[in-house]
Amino acid sequence: MYYQPDIETMPLEQLRELQLERMKRSIAHAYEHIPLYRERFQEAGVVPSDLKSLDDLVKFPFLTKQDMRDSYPFGLFAVPQSEVARIHASSGTTGQATVVGHTARDLKNWGDCFARGIYMVGGSKESVIQVSYGYGLFTGGLGAHAGGEAVGCSVIPTSSGNTKRQIQMMKDLGTDILACTPSYALLIADTALEMGYNPAEEFKVSGVILGAEPASENMRQEIREKLGVQYCDVYGLSEVMGPGVAMECAAAHGLHVAEDHFYAEIVDPETLQPVPDGTYGELVFTTLTRECCPLVRYRTRDVTRIIPEECSCGRTHRKIDRIIGRTDDMMIIRGVNVFPSQIEQVITGFPEIATQYQIVLTNNGPLDRIELQVEPVADFPFDEIRKLEDLKSRLHAELKSNLQISVDIRIVEPKSIERSEGKAKRIIDLRKGNNA
Ligand code: DLL
């Protein structure tokens, strides 16, 4: 079942035509109404009419997060204030916030994009969706809410926090679909178990739509089992829209980009040249329908790849793989490039270690130093020093052989790493210039 069958299963040739037509319009709209694009295009020696095919997009310059910060507050708005229906902002851990506006039509498209994911987990207007993403300037709450309303679900806007009450509502109101971050879903599952419930058996919930942060396969599996649900990974970012830019269907192998609204490219973050499908690189988006804040070649800093395969679900929109990290999270440990997700993958091979972890980065001269804090599972004999040392040295050896890096390991008490009701803070970056 599809939410918008004609669009989601559109034959590829027709979809590319639609994209080209919309891209031409969107680039012209940006150029006409936003001086920054005019300047940048001029510097690059291009005008909107140079876009004759989708491949011509590479001639156009990139836009970065810094450009968005520098344009604060309204420098990238292409419509008059009277047409701005809502404004979101990202807090920006480093410096200036970024502000993103939406027209009424932008909001309608956003709801439709998220709604596709509700159908992907088997939802319909009969479903009860509980939105436990934070509501506010963060796009999670209101984005998922709009999706639920677009489908015609009964929406429960619990927002994040007050976990025991969330669980009570989930049970009493018969929640079918839970939308929140993966960390919060796990906290909800663990708290429900502590309260004496078995949510997989006793709760009606059958699907989760989780995103805003990466989750390892192990964590996904833990959530699936503890809640008894189908897992849909939802990707998005406030600059481009919010949750719903790409969503994972039941085939569970990649996230379909909403290609009627967004054009995705993957580029090498060093050379900025496009890479072949299947190769990892930085995800770049050009928006095709955004009225308020159209983006041309926005560098997301998220690292993923295009999955070059037809999907068994019948949707034709290209898929991206799960985000493995951000270019700015990449650590260079003695010349080796490492993403936190690679470390997480090693950790998940140790059943004695819980899913929660934290990475503390510091400088050691010109080199990055990395301390990994992990906690053992609740029934691990934490006071037996020998067992602890053994675990530490096995983990150290495994990291060394898998990633060729030497990591300082600290095993902390079970349940002592802070659980998150929103995005988990996995990396504490104390490197010079990054201490935000
Ligand atoms: O996190 C929007 C969102 C809300 C997405 C709810 C999904 C669900 P920002 O706060 O602007 O917006 O953060 C965007 O979060 O560039 C990624 O690095 C990360 N991110 C978002 N979704 C995923 C995901 C929202 N499914 C940044 N997997 C992005 C991994 C994700 N990382």
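Let's start with a pair of strands. β3, residues 128-131, and β5, residues 177-180, run parallel and are joined by three bridges. Within that pairing, V131 sits opposite A179 of β5. Keep in mind that this is a predicted model.

Next, the helix on that sheet. Helix α8, residues 182-194, packs on the sheet and touches β5, β6 (207-211) and β7 (230-236). The direction of α8 makes about 125 degrees with that of β5.

Now the whole sheet. It is open and has nine strands, with mixed pairing. The order reads β4-β3-β5-β6-β7-β8-β9-β14-β13. Which strands stand at the edges? They are β4, at 154-156, and β13, at 306-307. Each has a single partner strand, so one side of each lacks a neighbour in the sheet. As background, strands of a sheet pair through backbone hydrogen bonds, either parallel or antiparallel.

Back to α8 and its helix partners. Take α10 to begin with, residues 217-227. α8 and α10 pack at about 40 degrees, and their axes are 10 Å apart. That angle makes α8 oblique to α10. The crossing of α8 past α10 is left-handed. Who makes the contact? On the α8 side: P182, S183, A185, L186, A189, D190 and L193. On the α10 side: M219, E222, I223, K226 and L227. By type, this contact has eight nonpolar residues, one polar and three charged.

Then α7, residues 163-172. α7 and α8 pack at about 80 degrees, with axes 10 Å apart. From α7, the contact uses T163, K164, Q166, I167 and M170. From α8, it uses Y184, L187, I188, T191 and A192. This contact divides into six nonpolar residues, three polar and one charged.

Last item: D260. Where is D260 placed? D260 lies in the loop between β9 (255-257) and β10 (262-267). Is D260 buried or exposed? D260 is buried, because its relative accessible area is 2% and the cut-off is under 20%. What does D260 touch, leaving aside neighbours within four places in sequence? The contacts of D260 are I7, L15, L18, R22, R116, L288, T289 and H317.

To wrap up: an open sheet of nine strands, α8 packed on that sheet, and a buried D260 in a loop.

Conventions. Residues are numbered from 1 along each chain as its sequence is written. This is a predicted model: local features need pLDDT of at least 70, side-chain atom pairs count only at pLDDT 80 or more; totals for chains, interfaces and linings use all residues. Side-chain values use heavy atoms; hydrogens and water are left out. Two strands pair if DSSP finds at least two bridges between them. Helices (H or I, at least four residues) and strands (E, at least two) are DSSP runs, numbered from the N terminus. Contact means heavy atoms within 4.5 Å. Axes are lines fitted to C-alpha atoms, for helices over the stretch in contact, and angles run from 0 to 180 degrees between N-to-C directions. Angles under 35 degrees count as roughly parallel, over 145 as roughly antiparallel, 65 to 115 as roughly perpendicular and the rest as oblique. A crossing is left-handed if the near helix is turned anticlockwise from the far one by less than a right angle, and right-handed if clockwise. Ala, Val, Leu, Ile, Met, Phe, Trp, Tyr, Cys and Pro count as nonpolar, Asp, Glu, Lys and Arg as charged, and the others, Gly among them, as polar. Buried means under 20% relative accessible area, exposed over 50%, partly exposed in between (1.4 Å probe, protein chains only).
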